[in-house]
Amino acid sequence: MDTRQLAAFCAVVERRSFSQAAERLGVTQPAVSLQIRSLEQRLGAQLLDRSGRRVEPTEAGLRLYASAQKLLAQEEQLLRDVAGGDGGSLTGTLELGASTGPGGTVVPLLLCEFGELHPDVRIRLTVSDTQSVVDRVADRELELGAVGAARRHRGVVFEPFFRDELVLAVPPGHAFAGRTISLDDLRSVPLLVMQDGAGVRQVIEDELRGVGVRLRDLDVRAELGLQESVRSAVAAGHGVTFISRTAVEADLAAGTIASARVRGLEPVREIFLVRSSGRAETRAAEAFVDFARTRLPS
């Protein structure tokens, strides 16, 4: 079977669009359409429903998609085995994505240590919000991701990587500094939050929901983007925020930020490793994950 046809079919299913699939594959839209028509003729079945605003797989298409992913992964592995084998030094490019919590603290240090052990591997780290990282891993633009929340997405699989404690960060000298406060206390102060899509925000919203509180019940003054934005605003005295402890360790040690706890909330989140479904990983990616697990607490 022509794996180019399968690759075109999978790209259309994942992007729900012939034009976006063509852009991803670096070919023209007519070329993608021709590959799909040829595949449908060979299999004697309609694989895609083109009648709506978005292209959707038929039942036969869904069955083919699962098998095609496995076959394409086997092809990738075969090409790597022929090109480089399983021995010798690691080479190539390792492209990872991370949300701002792990991407600003733990992951860069792991990558630097890994790079010192394997100097022939070129390392690229992209830091973004959780949803963007998940989407790019699903689209195979990134090989691996490290994010602070497991978002449902059929194109990826999640597995626990390490744990990260969240704290309420407050300005130095704040009345809450070093204390355990109540939810009523929290309602009385300006709260700064990260943008929708950030893993920390999802964890906090879930924690609040568990005690019958919604984010809009609090005095949310601003949505400021990602972790570094809210950290800077808190240090300048503009409000309080929930944030990864690892992101403010240096500030806590220097006294430029203080921390507090909220009674009834235990916001410890799992940092997840994100992999693309059905994709055979490069030797460099496998080696990095193995290396990271030896350095991270279980």
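Two strands are taken as paired if DSSP finds at least two bridges between them. This is a predicted model, in which local features need pLDDT of at least 70 and side-chain atom pairs count only at pLDDT 80 or more, while totals for chains, interfaces and linings use all residues. Residues are numbered from 1 along each chain as its sequence is written, and side-chain values use heavy atoms, with hydrogens and water left out.

View 1. Helices (H or I, at least four residues) and strands (E, at least two) are DSSP runs, numbered from the N terminus. Strand β3 (residues 92-99) and strand β4 (residues 121-128) run parallel and are joined by 8 bridges. Opposite Ser99 stands Ser128 of β4. Strand β3 also runs parallel to strand β5 (residues 144-147), with 3 bridges between them. Leu144 in β5 is the bridge partner of Leu96.

View 2. A pair of aromatic rings is described by the distance of the centres and the angle of the planes. Rings of Phe, Tyr and Trp (its six-membered ring) pair if their centres lie within 6.5 Å; planes under 30 degrees apart count as stacked, over 60 as edge-to-face and the rest as tilted. The count by this rule is 4 aromatic pairs. One of them is the edge-to-face pair of Phe114 and Phe288, at 5.5 Å centre to centre with 80° between the planes. Phe114 belongs to helix α6 (residues 106-117) and Phe288 to helix α12 (residues 283-295), so this pair ties together parts that are 174 residues apart in sequence. The ring centres of Phe114 and Phe291 are 5.8 Å apart and the planes stand at 55°, so that pair is tilted. It too links distant parts of the chain, with Phe114 in helix α6 and Phe291 in helix α12, 177 residues apart. Ring pairs thus link Phe114, Phe288 and Phe291 into a cluster.

View 3. Buried means under 20% relative accessible area, exposed over 50%, and partly exposed in between (1.4 Å probe, protein chains only). Both Phe114 and Phe288 are buried. The relative accessible area of Phe114 is 0%, and Phe291 counts as buried at 9% relative accessibility.

**View 4. The crossing of helices α1 and α2.** Axes are lines fitted to C-alpha atoms, for helices over the stretch in contact, and angles run from 0 to 180 degrees between N-to-C directions. The axes of helix α1 (residues 3-15) and helix α2 (residues 18-25) come within 8 Å and cross at roughly 125°. That angle makes α1 oblique to α2 (under 35 degrees is roughly parallel, over 145 roughly antiparallel, 65 to 115 roughly perpendicular and the rest oblique). Contact means heavy atoms within 4.5 Å. On the α1 side the contact is made by Ala7, Ala8, Ala11, Val12, Glu14 and Arg15, and on the α2 side by Phe18, Gln20, Ala21, Arg24 and Leu25.

**View 5. The surroundings of Thr58.** Thr58 is placed in the loop between β2 (56-57) and α4 (59-84). With a relative accessible area of 19%, Thr58 is buried. Leaving aside residues up to four places away in sequence, Thr58 touches Gln46, Leu47, Leu48 and Asp49.

**View 6. The protein chain as the setting of the close-ups.** The protein chain has 12 helices and 12 strands. Its C-alpha trace spans about 70 × 50 × 30 Å along the principal axes. Of the 298 residues in the protein chain, 46% are buried.
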